[in-house]
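Colleague: I would like to go through this structure with you slowly, one point after another. Could you set it out for us before we start?

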Amino acid sequence: MALCSIFCPRIPLRFRPKPISPFLSKPLFSLSYRVYSSLQSTKDELGTVSIGFLGMGIMGSPMAQNLITAGCDVTVWNRTKSKCDPLVGLGAKYKSTPEEVTATCDLTFAMLADPESAIDVACGKNGAVFGISSGKGYVDVSTVDAASSMLINKKIKDTGALFLEAPVSGSRKPAEDGQLIFLTAGDKLLYEKASPFFDIMGKSRFYLGEVGNGAAMKLVVNMIMGSMMASFAEGILLSEKVGLDPNVLVEVVSQGAINAPMYSLKGPSMIKSVYPTAFPLKHQQKDMRLALGLAESVSQSTPIAAAANELYKVAKSYGLSDEDFSAVIEALKAAKSREA
């Protein structure tokens, strides 16, 4: 599958309007400009784009909060209503179904846990497709496989609305800090209209062409990340086994050519066997599984990722699904115990 990678940098600070509040941590993107498109507001001459957000989990909640803080008109939904309450307290509106959200909003984002949930929320009973209509937009920022994304795309496009897949690279902290990376594909017009909101929630965005490319890129990225974490866990345990201080290992790795932010971030807690959840292990294993399926579909060998996936499956079997994906080290500890 050919991937067209077009990097779109953040707008320079000197061109951004200043926040209306001194408490805003990021510059406010003015949403009161004239919109000469199908997303034009009818509230007044300048108007604002009304934003819907479906899914208030570890990622969705801080993403929606950043939009609210930036002054956006946001309507939220979640299967468990109580997860929406803090956002309503910040000024968001609430609707009881995805259908109601898309019926009342110009542009709707969806952040769901897996392909099944993404499809159900978009196409199931009282789903988004039943409220959306021509001139509106639906942006799925969930991590799903290409086939699921294409299915949602078709259902949305059949209503006359626009669709964009935009899975994110980043976990809880980048979501909270507005430092996500958006991997988008689909309707270019919708990409252009959604870009100011991507820039509120993230630090960069890529437009990758046709639907499916964004999903594929995200799976490749998470496959690499999952394999790296499994190897890092092996290194920590090996350093301990040969009498080295694993804390020093983390320092050495963090200063060398193989450094990645997650090593210094997660290494100390892994050494203490503590795994505060930023990206649940069950989601990492799901992404590994989907990435292996993608590789199989194009006859690409991925033996390292396949081996890492088995470790995540073992960790899940030990009840670690909701722990951070760095808890994969526990699968290796269990293997060491059996060998002893």
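Modeller: Let us begin with a word that we shall need, for a residue is called buried when its relative accessible area is under 20%, exposed when that value is over 50%, and partly exposed in between. Please also keep in mind that this is a predicted model.

Colleague: Is Asp187 buried or exposed?

Modeller: The relative accessible area of Asp187 is 16%, and the limit for a buried residue is under 20%. Because its value of 16% falls under that limit, Asp187 counts as buried.

Colleague: Which residue forms a salt bridge with Asp187, and where does that partner lie?

Modeller: The closest N and O atoms of the salt bridge that Asp187 forms with Lys157 are 3.5 Å apart. The pair links distant parts of the chain, 30 residues apart, with Asp187 in the loop between strand S9 (180–186) and helix H7 (188–201). Lys157 is partly exposed, with a relative accessible area of 36%. The partner asked about is therefore Lys157, and its place is helix H5 (residues 146–157).

Colleague: How many residues apart in sequence are the parts that Asp324 and Lys266 tie together?

Modeller: The side chains of Asp324 and Lys266 meet in a salt bridge, at 3.1 Å from N to O. Asp324 lies in the loop between helix H12 (303–317) and helix H13 (329–339), whereas Lys266 lies in helix H10 (residues 261–271). Both of these residues, Asp324 and Lys266, are buried. The pair ties together parts whose separation in sequence is 58 residues.

Colleague: Is Asp158, which meets Lys154 in a salt bridge, buried or exposed?

Modeller: The side chains of Lys154 and Asp158 meet at 3.0 Å, N to O. Lys154 has a relative accessibility of 49% and so counts as partly exposed. For Asp158 the value is 54%, and a residue over 50% has the label that Asp158 receives, namely exposed.

Colleague: Which residues does Pro62 contact, leaving aside its neighbours within four places in sequence?

Modeller: Pro62 is found in helix H1 (residues 60–69), and at 12% relative accessibility it counts as buried. The C-alpha atoms of Pro62 and Met201 are separated by 8.7 Å, although the two residues are 139 residues apart along the chain. With those sequence neighbours left aside, the residues in contact with Pro62 are Gly57, Ala175 and Glu176.

Colleague: What share of the residues in the chain is buried?

Modeller: The chain has 13 helices and 10 strands. Of its 340 residues, the buried share is 51%.

Technical notes. Residues numbered from 1 in each chain as written. Predicted model: local features only at pLDDT ≥ 70, side-chain atom pairs only at ≥ 80, totals over all residues. Heavy atoms only, no water. Helix = DSSP H or I, 4+ residues; strand = E, 2+ residues; numbered from the N terminus. Buried < 20%, exposed > 50% of the residue type's maximum accessible area, 1.4 Å probe, protein only. Contact = heavy atoms within 4.5 Å. Salt bridge = Lys/Arg side-chain N within 4 Å of Asp/Glu carboxyl O.
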